[in-house]
Amino acid sequence: MAPISHLSTKGLSKNFGGIQAIRNVDFDISKGQIRALIGPNGAGKSTFVGMISGRIPPTTGEIYFADQNITSLPAHKRICLGIAYTFQITSVFSKLTVHENVALAVRRNRQLKPNDVLEQVSSILDKVGLLDRANSEVRELSYGHQRLLEIAMGLGQEPSLFILDEPTQGLAESEVLEFITILKSMAGLTTILLIEHNMDVVMATAEFITVMNFGEILAEGTPDQIRLNEEVQLAYLGKT
Amino acid sequence: MNDKNLALNIGVVGFLALLFFLVSDYHDGIIARILILAIFAMGYNLLFGYTGLLSLGHAMFFATGMYGYGLSVELWKFSAFEGLLFALVISFLFSMSIGVLTLRTKGVAFMIVTLMFSQVFYLVVLLFGEHTGGDEGFVISTHGRTLFGLNFVDPTSKYFASLFLFAVVLLGLTLFVRTRTGKCLVAIRENEERAKMLGYDVWVHKFIAIIISGVICGLAGASYTLIFGYAGAAFAEVHYSILPLLWVLLGGAGTLIGPLVGTVFAFYLIDISSGYTSAYLLIVGLVIVLLTLFAPQGLAGELKRRMAHWLQ
Amino acid sequence: MEFGPYLIIALFEGALTSAVIALTAVGLSVVFGLMRVVNVAHGEFFMLGAVFTWFITWNLGLNPTVGFITALLLVPLAVGSLATLADRLILNRLDYDPERTIVATIGLLYLIQQSTLMSYGPDARPVEPPFNHRIALPWIELGESGWQIYWPWGFGITTYKLAVILAAIVLLWILLRLLARTKYGLLIRATQQDSEMALAFGIPVSRVYAIVFGIGGGLAALGAVLIVPIRQAHYLMGGEPLLLSFIVVIVGGLGSIPGTILAAILIGMSDGLISVFFSPTLAKIVATLLVVFVLIFRPNGLFGKNQQ
Ligand SMILES: Nc1ncnc2c1ncn2[C@@H]1O[C@H](COP(=O)(O)OP(=O)(O)O)[C@@H](O)[C@H]1O
Ligand SMILES: [Mg+2]
């Protein structure tokens with residue numbers, strides 16, 4: 001049985017002035033897969049997922065999501081279709097409470113009663129370990145907790161495609177383990193596109209890996225294939 | 001969920017009703033005026049305090065209501081009720097057009113564009129001076145000051161009509177800010193990019209905010225003319241765009257009760273200081289500078305920060 | 001002899017307006033270009049320039065010419081220092097946050113305007129020009145009996161107005177040179193490019209800001225010193241130059257000095273022309289709407305490149 005494609009790009013490119021940040025990328029991810037996107041800094045990973053989520057308009061190329069051409073859809077409409085995106089640079093509502101941050105994410109797509117929202121938010125905060133901070137203002141949280149909140153907001157959206165841009169950056173080791181558990185619990189239900197530098201996280205979660213370098217896809221394969229790929233080792237793994 | 005706010009605001013309305021019997025006629029007159037202007041400030045606050053859009057041209061919305069009511073009642077002999085309806089419809093259409101045009105801009109450009117549209121409005125009022133009476137304005141005749149059998153020449157009717165309208169808007173907003181839409185406005189104020197990436201249509205929400213804000217300010221303008229019987233170009237001047245900003249800053253932007261607090265405070269500040277000097281705007285200027293420097297949250301905002309976190 | 005002479009007078013008056021607006025608006029523009037803030041109190045610096053000039057020429061017992069030259073030298077410095085003080089006391093403490101700065105400078109506007117009302121009073125007061133000769137212009141026209149010369153034909157221009165136009169051109173030229181060629185100009189341009197980088201290279205960014213804010217206020221005052229012998233000094237006179245400078249800076253592209261000067265000429269000339277032929281209110285409505293639509297549909301100004 002061929003896997004059903006959930007998200008794909010065709011000839012996707014992005015130029016910033018003179019710099020070609022993404023060159024002609026064809027990419028495909030099947031439904032329910034956990035995919036890691038790795039590559040050295042400046043490879044174009046953030047730009048690439050930025051175009052998928054709609055934050056960055058592509059220069060050329062097309063994006064398909066759930067059999068629909070979403071290239072010209074504005075970001076908020078893509079989100080409503082079931083894409084969630086967590087920022088590499090933490091972007092939360094720092095003057096609102098932790099609870100309200102997640103509630104804003106939960107309320108968006110579903111017409112829930114206030115009590116149901118409350119319940120949902122609490123269960124998500126419990127999952128990421130922030131329940132005891134629910135009524136704190138976000139700016140009072142540590143950096144690591146803000147990263148966790150960012151993940152919680154993604155969970156609150158109940159996405160069918162969850163894009164995470166370096167989520168474990170700044171997390172403590174125990175929190176990273178926690179995060180791996182959360183990701184694994186979503187396996188099969190949610191398609192996950194994970195940009196990650198921490199190879200332990202990648203190896204523990206990813207079913208399939210895409211390696212990017214200089215705005216192009218350098219290699220794709222299962223974790224074992226990637227580990228053995230010489231080009232990848234040269235470009236990326238060799239450096240660590 | 002958070003009914004302390006509702007209770008507080010109902011309490012405030014009840015207190016204001018009692019106050020009528022406690023203070024002198026002079027203060028009854030002032031408070032009635034303050035209540036109508038506080039409606040103006042609440043309308044402004046929805047856009048500035050809740051949505052984070054700083055307009056420098058809200059006098060045009062107040063004046064739209066004012067002239068929509070005044071001219072329809074005086075020139076076309078509408079009844080007071082028809083005039084009010086007409087003013088609200090015009091305010092709605094006007095804020096819609098202003099919204100479509102100004103929302104193409106952001107930040108400083110938004111401030112300047114609203115300022116200039118308001119200036120154009122003011123100049124148009126002067127240009128059609130024959131009908132609008134220009135700077136001198138015009139007085140509303142008796143039929144335009146009588147609604148549902150109440151005549152607003154009478155101080156008691158003035159006071160309680162103002163209080164009624166104030167209460168309707170205050171309680172309406174209390175309920176509105178806790179809806180999904182209301183909370184999204186706050187999210188846009190706090191982090192527009194994030195709100196968008198949570199799937200909220202930022203443009204539409206800002207558009208809704210401008211319309212509600214414009215209609216509330218229009219209602220304030222129309223009721224001012226209905227209750228106090230006067231319309232004049234002074235209310236369309238830049239000055240009347242700055243005042244609601246001052247009131248809201250003073251009272252606390254983004255709080256329900258802030259606009260009332262700020263209007264009361266500023267009004268009495270000006271009332272008292274104009275007894276000493278004709279340059280009472282000096283005090284307005286000083287207060288604005290000090291506020292932006294030392295208490296950008298305003299009075300209610302400081303209260304919220306220090307003790308009453310639940311204040312909405 | 002119908003239309004032509006009036007056109008010439010309108011153009012001349014337009015050139016005069018252009019000259020004064022250019023000076024005032026460039027002051028607003030350098031501040032915006034560097035700090036990205038809009039100074040709403042800019043018109044009040046203009047007004048202070050006029051009022052101080054009146055004070056010097058009337059109260060120091062100097063003869064008009066000496067008094068005027070003293071004013072020309074001292075007033076921009078005095079107003080510039082006041083502006084610098086305002087920058088230190090207010091803008092700097094707001095971290096040049098664009099919105100809070102607008103609100104604070106609105107407060108500053110009232111403070112300056114109303115203090116002037118309390119001290120200087122509500123009257124408009126004239127200042128004598130240092131020299132004022134009438135130059136009658138000849139007018140040549142093809143009449144029924146061939147070419148005819150009319151001279152004098154009633155209207156003329158005064159030497160003082162002509163001098164103001166020339167002075168503005170010279171001053172603006174000097175300013176552009178200073179910015180382009182001197183060390184200070186380089187500091188300012190470097191800070192404008194990237195203030196964090198400038199700080200890293202040891203440029204005293206906050207001092208550059210204070211000085212530039214002073215220069216901005218000084219330029220407004222300079223425009224006022226030049227114009228006050230033609231118009232009178234009044235505590236509410238700041239509103240008009242503020243609005244016109246706003247318009248000019250926006251049409252010229254926020255922060256671009258050559259664009260600002262070009263727009264000043266355009267607006268100044270058309271202001272003169274329009275108000276000769278239309279009601280001044282209608283002229284203002286048209287001009288204001290023009291600016292609004294420039295801002296909405298061409299946010300980088302008529303002469304600026306449109307990015308995206
Ligand atoms: N807004 C932008 N303007 C100009 N260049 C950019 C912009 N965003 C990213 N780039 C450039 O595009 C390239 C890819 O960046 P990015 O997508 O952030 O890489 P990664 O996430 O893989 O580290 C880099 O060379 C970066 O400098
Ligand atoms: Mg990145």
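## Exercises on a predicted model

**Exercise 1.** Helix α12 (residues 258-273) of chain B packs against helix α14 (residues 298-306) of chain B in this predicted model. At what angle do they pack, and how far apart are their axes? Which term describes α12(B) relative to α14(B)?

*Solution.*
- Step 1. The angle is about 130°, and the axes lie 7 Å apart.
- Step 2. Angles of 65 to 115 degrees count as roughly perpendicular, and those over 145 as roughly antiparallel.
- Step 3. The angle of about 130° therefore makes α12(B) oblique to α14(B).
- Step 4. On α12(B), the contact uses Gly258(B), Val261(B), Gly262(B) and Phe265(B). On α14(B), it uses Gly298(B), Leu299(B), Ala300(B) and Gly301(B).
- Step 5. Sorted by class, this contact has four nonpolar, four polar and no charged residues.

**Exercise 2.** Describe the open sheet of chain A. Which strands stand at its edges?

*Solution.*
- Step 1. Four strands build the sheet, in the order β2-β1-β4-β5. Their pairing is antiparallel.
- Step 2. β2 (19-30) and β5 (68-69) of chain A each have a single partner strand, so they stand at the edges. One side of each has no neighbour in the sheet.
- Step 3. Now take β1 (residues 5-16) and β4 (residues 60-65) of chain A: five bridges join them. In β4(A), Thr60(A) is the bridge partner of Ser13(A).

**Exercise 3.** How many residues of chain A are in contact with chain B, and which element gives the most?

*Solution.*
- Step 1. 19 residues of chain A contact 14 residues of chain B.
- Step 2. On the chain A side, α2 (75-81) and α3 (98-109) give two or more residues.
- Step 3. α3(A) gives the most, with five residues.
- Step 4. By class, the chain A side has 10 nonpolar, five polar and four charged residues.

How values were computed
Residues are numbered from 1 along each chain as its sequence is written. Chains are lettered from A and ligands numbered from 1 in the order in which they are written. This is a predicted model: local features need pLDDT of at least 70, side-chain atom pairs count only at pLDDT 80 or more; totals for chains, interfaces and linings use all residues. Two residues are in contact if their C-beta atoms, placed from the backbone, lie within 7 Å. Ala, Val, Leu, Ile, Met, Phe, Trp, Tyr, Cys and Pro count as nonpolar, Asp, Glu, Lys and Arg as charged, and the others, Gly among them, as polar. Axes are lines fitted to C-alpha atoms, for helices over the stretch in contact, and angles run from 0 to 180 degrees between N-to-C directions. Angles under 35 degrees count as roughly parallel, over 145 as roughly antiparallel, 65 to 115 as roughly perpendicular and the rest as oblique. Two strands pair if DSSP finds at least two bridges between them.
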